[in-house]
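Hi,

Here is the structure I promised to pass on. Have a look at it first, and my notes follow below.

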Amino acid sequence: MNSLSVFPITGKWPASHPDRIQLYSLPTPNGVKVSVMLEETGLPYEAHLVDFNTDDQLSAEFLSLNPNNKIPAIIDPNGPGRQPLPLFESGAILIYLAEKSGQLLPADPALRYQALQWLMFQMGGIGPMFGQVGFFHKFAGRMYEDKRPLERYASESKRLLNVLNQHLRDRQWLCGREYSIADIATFPWVRNLTGFYEAGDLVGFSDFPEVQRVLEQFLQRPAVQRGLLIPSRD
């Protein structure tokens, strides 16, 4: 009996490679944080699509791994102490994978905390605010007669973009010259805001050239290009 068989989620999504990290996800901004990270580090993994169209995230099997019914989530069969480790919350997963691989989290203590600082900035600000812009600009919220929620979230998103823009002046990445989990967390959300959410004009994205520059170099990375398509929706 392999170490993954004790996890109910493997009944719904069987592991073809139980010795690898199991990724349960969907190619959304939060989901691709982890697939990009796995592609960047080269850690062996197996991806499973959690299909929101069929409410996979509400299934008993998925909830057994993440009771908060959000993607992504992972199981590492070779976690600390050589024991399986189930883990949810994208930020926590990024930190774990960085420490497991010894990559993409600066070794210097001061730079490490700067990277974690910008990771928290994404998790506490950029993700929630950009997501609300998407809801009120593109999805059901756009039908609301009261436009104050959209105005509120668009205004806050502009402010957050300006914070990023100011910080990125004279910096290649969020932590200076060193590409890190902070960039992997942040730029899928920037891409989604201007791409899938079609909110570039709404937030005045052309006013933030430094953010544009770093987004473009992020999207040029081969591991990013692969990770943005994982898991396949087919």
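Is Glu198 buried or exposed? At 55% relative accessibility, Glu198 counts as exposed, because the cut-off for that class is over 50%. Bear in mind that this is a predicted model.

I looked at Glu198 for its backbone: phi is positive there, about 55 degrees, although the residue is not a glycine. Glu198 sits in the loop between α7 and α8. Arg82 is another non-glycine residue with a positive phi, near 65 degrees. You'll find Arg82 in the loop between β3 and β4 (85-88), and Arg82 is exposed too, with a relative accessible area of 73%.

One runs from Ile71 to Pro72, with omega near 0 degrees; Pro72 lies in the loop between α3 (60-65) and β3 (73-76). Another joins Ile230 and Pro231, with omega about 0 degrees, and Pro231 belongs to the segment after α9.

Now the helix packing. α5 (residues 109-137) packs on α6 at an angle of about 145 degrees, and their axes are 9 Å apart. The crossing of α5 past α6 is left-handed. By class, this contact has 15 nonpolar, five polar and one charged residues. On the α5 side the residues include Trp118, Phe121, Ile126, Met129, Phe130 and Phe136. Across from them, α6 contributes residues including Leu150, Tyr153, Leu160, Leu161 and Leu164, with Glu156 also among them.

Which residues of α8 are buried? They are Val211, Val214, Leu215, Gln217 and Phe218. Seen down the axis of α8, these buried residues fall within an arc of 165 degrees, so they line one face of the helix. The cover over them includes α6 (148-168), α7 (181-194) and α9 (222-227).

Last, the annotation. The unreviewed UniProt entry places a "domain: GST N-terminal" over residues 18-105. In the model, that span is 35% helix and 20% strand, and its end C-alpha atoms lie 27 Å apart. Pro72 and Arg82, mentioned above, have their loops between α3 and β3 and between β3 and β4, if you want to find them while browsing.

Cheers

Terms used:
Residues numbered from 1 in each chain as written. Predicted model: local features only at pLDDT ≥ 70, side-chain atom pairs only at ≥ 80, totals over all residues. Heavy atoms only, no water. Buried < 20%, exposed > 50% of the residue type's maximum accessible area, 1.4 Å probe, protein only. Helix = DSSP H or I, 4+ residues; strand = E, 2+ residues; numbered from the N terminus. Arc of directions from axis to C-beta. Contact = heavy atoms within 4.5 Å. UniProt positions renumbered as here; feature names shortened; annotations may be inferred. Axes fitted to C-alpha atoms, helices over the stretch in contact; angles between N-to-C directions. Left-handed = near helix turned anticlockwise from the far one by under 90°. Nonpolar A, V, L, I, M, F, W, Y, C, P; charged D, E, K, R; others polar.
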